[in-house]
Amino acid sequence: MTYSTKVKWSFISAILASICWIIGDMFVAGFDVNPEDYPLFAQTYADQVDVGFATLMLEGSSSRLMFGALIASMTATLFLPGVWLACQYIIDKNKWYVWATYFLLIISVVLMPLGHGVFFYTGEIFKAIYNTDPIAHPYLLEMANNFMTVTYITWATAIVILLLAWLCYSILVFTGKTRLPKWAGLISPVFIAIYQLPIKFILPQSELRGWLMAAAFNIAYLVFFVILLFVFKNRLKHPSVNNN
């Protein structure tokens, strides 16, 4: 396979992965819920659960949550060619900090599926609490807390590693160690995700706001790879180091 073919399919893979993950986010967590609409959690069990999380997915059917969890988790590996592609812009790939950044980017992809898929299980357990007799709630609440512990650990770890990895990549861009202009460090996924934060305050409560907030980081991925494709693709060279 020629280098240009690798680049072409890496763009396709990364953009397809971004789209799948946007869909997954919207299906599994794309809700803009007012917790007060669910007094069982907002009031009765407010001191025993994470109210915001407990009410987030109550409006989604099991099939919707399942689809959202699976379409993303099953396509996470499609981001790996995108990681390779982003690193093709780095000038000297033999430095330790380049390998460290590359490693973090790969680890961030590896951690994504579990951190995303666990949302389905937590959503289901809170729906079970909401729709069962109170006599069963003590056991279900204990189970829900265990699920939430797993969610916090897996999701938070995935997000922290992901943010750190792309921040390191931005630093490489800012310091002139890539073929991208230094200002392009501001269009890495971590910064594009930050730019979307005002959406929560600008848009009124709505399904659209729920979709956008849930998929913010994967929208950032999509924008990033589209910019690379249409603005900076011609900066990819074909020296021998690029075939590593």
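Is Trp96 buried or exposed? At 69% relative accessibility, Trp96 counts as exposed, since the cut-off for that class is over 50%. The legends below describe close-up views of a predicted model.

**View 1. Trp96 and Tyr97 form an edge-to-face pair.** The model holds 21 aromatic pairs. In this one, the ring centres of Trp96 and Tyr97 lie 5.8 Å apart. Their planes meet at 80°, so the pair counts as edge-to-face; the cut-off for that class is over 60 degrees. Trp96 is exposed. Tyr97 has 24% relative accessibility and therefore counts as partly exposed.

**View 2. Trp166 and Tyr221 pair across distant parts of the chain.** Trp166 belongs to helix H7 and Tyr221 to helix H11, 55 residues apart. The ring centres are 5.8 Å apart, with the planes at 75°, so this pair is also edge-to-face. Both Trp166 and Tyr221 are buried.

**View 3. Ring pairs build an aromatic cluster.** Trp166 and Tyr221 are among the members of this cluster.

**View 4. Arg64 places its charge over Phe27.** The charged end of Arg64 sits over the ring of Phe27. The distance to the ring centre is 5.5 Å.

**View 5. Cys87 and Cys168 are in no disulfide.** The count of disulfides in the model is 0. For Cys87, the nearest cysteine sulfur is that of Cys168, 11 Å away. For Cys168, the nearest is that of Cys87, at 11 Å. A disulfide needs the two sulfur atoms within 2.5 Å. Cys87 has 4% relative accessibility, so Cys87 counts as buried. Cys168, with a relative accessible area of 22%, is partly exposed.

**View 6. Helices line the largest pocket.** The volume of this pocket is about 1100 Å³. Its lining comprises 35 residues. Nearest the centre lie Phe119, Trp155, Met213, Ala214 and Ala215. Elements that give two or more residues to the lining include helix H1 (3-29), helix H3 (51-56) and helix H6 (96-130). Helix H8 (189-195), helix H10 (207-214) and helix H11 (216-231) are also among them. Which helix gives the most to the lining? H7 does, with 5 residues. By residue class, the lining divides into 24 nonpolar, 7 polar and 4 charged.

Key
Residues are numbered from 1 along each chain as its sequence is written. This is a predicted model: local features need pLDDT of at least 70, side-chain atom pairs count only at pLDDT 80 or more; totals for chains, interfaces and linings use all residues. Side-chain values use heavy atoms; hydrogens and water are left out. On a 1 Å grid over the protein atoms alone, a cavity is a set of points where a 1.4 Å probe fits but cannot get out, and a pocket is an open set with protein on both sides within 12 Å along at least five of seven lines; lining residues have an atom within 4 Å of a point. Grid points are joined across faces, edges and corners, and a volume is the space filled by probe spheres set on the points. Helices (H or I, at least four residues) and strands (E, at least two) are DSSP runs, numbered from the N terminus. Ala, Val, Leu, Ile, Met, Phe, Trp, Tyr, Cys and Pro count as nonpolar, Asp, Glu, Lys and Arg as charged, and the others, Gly among them, as polar. Rings of Phe, Tyr and Trp (its six-membered ring) pair if their centres lie within 6.5 Å; planes under 30 degrees apart count as stacked, over 60 as edge-to-face and the rest as tilted. Buried means under 20% relative accessible area, exposed over 50%, partly exposed in between (1.4 Å probe, protein chains only). A charge sits over a ring if NZ of Lys or CZ of Arg is within 6 Å of the ring centre and within 35 degrees of the ring normal.
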